[in-house]
Amino acid sequence: MPHPKSPLNLQTPHSGYHWDRSSQRFFEGWYFRVTLPTEAQSFAFMYSIDDPAGGKPHSGGAVQILGPIEDYVYRTLPNVAGFWAAYDRLAFEHCQGVRLRQAQPNQQPGWLPHPAEGYRVTATLNQGQIKDPVTGVWTRWHYETVPVYGWGNPTEPQQPTAGWLSFLPVFDPGWQVLMAHGLSTGWIEWQGQRYEFANAPAYAEKNWGSSFPVKWFWIQCNAFDGAPDLALTAVGGLRNVLSRQEKVGMIAVHYRGQFYPFVSTHDPLTWQVQPWGQWQMSAHHGPYRAELTGTTSDPGELVRVPTREGLQFRCRDTTHGQLQIQLFEQDRPILTATSSLAGLEVGGGPWQQPWQKS
């Protein structure tokens with residue numbers, strides 16, 4: 001495994017906040033996942049802010065957590081005045097009841113006075129506490145992360161996930177993998193149980209704009225059997241490009257200090273994805289070829305995503321997917337790896353027929 005780099009060296013493009021302070025429709029969302037291989041479980045934290053100027057029908061923030069056995073907790077944080085984010089780095093926070101920046105920044109349990117709810121996040125820290133409005137049960141978390149891979153070769157400047165055009169107001173939404181792989185240490189209190197972990201595989205990404213894609217799928221895993229240095233992110237979707245829609249896809253692999261990207265805009269890439277249960281992708285780039293297959297018999301869990309009508313249940317997720325990846329160079333196998341802890345997702349529509357790209 002390569003030596004972990006500092007957060008500064010691995011800071012990706014688009015790590016900072018994107019709101020231009022206008023009153024136009026806008027959302028920004030962040031996804032953080034930590035996988036606990038010993039427990040064969042994951043926690044996925046989804047934070048979002050909608051129309052932060054305030055005073056709009058969908059103005060406000062939210063926290064979603066997809067926990068063990070696909071248990072799901074959702075909490076709104078409607079006061080946009082309690083939200084803050086840095087424009088030049090990954091740092092944001094939202095709180096109801098007290099401004100987090102006025103709390104003591106000691107990063108210790110008790111940093112947020114009870115019964116206030118909220119979170120704070122940086123490139124190396126994820127902490128917060130929320131109360132399930134349905135059950136009244138509190139969820140609390142505090143863990144720190146050492147980044148291993150950002151997005152790209154770890155010895156070179158990090159790359160924008162959607163390419164250099166992502167710096168222009170061309171695509172909607174924008175998307176950036178913030179950390180393809182990291183190692184997290186800390187604890188999570190969930191449904192009355194405390195999970196403690198050290199050097200657990202971690203992942204982070206974000207999106208921003210005025211609406212989610214019309215249709216998409218997503219595959220993510222950095223907890224492969226016998227391959228602790230392997231990280232995969234793959235996706236396909238219909239995105240808005242100016243006044244038209246474009247079908248795009250990607251397979252990206254970080255492995256043993258190398259970055260292997262396969263992007264449909266300039267590489268042959270195919271997929272066949274069922275409305276739920278099976279994901280197949282194949283791609284070529286120069287001498288390299290990638291093949292992957294994901295499956296699940298779980299029903300998955302519906303989670304909310306930003307739309308023009310606010311957060312809506314238009315996405316189905318599992319963090320217990322079966323996944324196999326193969327990577328070849330000139331038809332010589334570089335790696336074959338499997339996992340039963342893959343993140344698998346379909347979204348949009350919903351769509352009823354298999355989706356193919358050849």
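1. Residues are numbered from 1 along each chain as its sequence is written, and side-chain values use heavy atoms, with hydrogens and water left out.

2. How confident is the predictor? The pLDDT (its confidence in each residue, from 0 to 100) averages 91 for the protein chain, and 93% of the residues score at least 70. Residues 1-7, however, have a pLDDT below 50; beyond near neighbours in sequence, this stretch has 19 contacts in the model, a contact being heavy atoms within 4.5 Å. Residues 102-110 are also below 50, with 12 contacts beyond near neighbours in sequence. Where pLDDT is low, the predicted coordinates should not be read in detail.

3. Now back to R25. Its side chain meets that of D50 in a salt bridge, at 2.7 Å from N to O. R25 sits in the segment before β1 (27-36) and D50 in strand β2, so the pair ties together parts that are 25 residues apart in sequence. Strands here (E, at least two residues), like helices (H or I, at least four), are DSSP runs numbered from the N terminus. Both R25 and D50 are buried; that means under 20% relative accessible area, while exposed is over 50% and partly exposed lies in between (1.4 Å probe, protein chains only).

4. Which residue does R75 pair with in a salt bridge? The partner is E117, with the closest N and O atoms 2.9 Å apart. Since R75 belongs to strand β4 (residues 72-77) and E117 to strand β7 (residues 117-122), the pair ties together parts that are 42 residues apart in sequence. E117 counts as buried because its relative accessibility is 10%.

5. Do look at R194 and E196 too: they form a salt bridge whose closest N and O atoms are 2.9 Å apart. R194 is partly exposed, at 39% relative accessible area, whereas E196 is exposed, at 54%.

6. Finally, find P57 in the loop between β2 (41-50) and β3 (60-66). Is P57 buried or exposed? With 76% relative accessibility, P57 counts as exposed. Its C-alpha atom is separated by 29 Å from that of A204, which is 147 residues away along the chain.

Technical notes: Predicted model: local features only at pLDDT ≥ 70, side-chain atom pairs only at ≥ 80, totals over all residues. pLDDT = per-residue confidence, 0-100. Salt bridge = Lys/Arg side-chain N within 4 Å of Asp/Glu carboxyl O.
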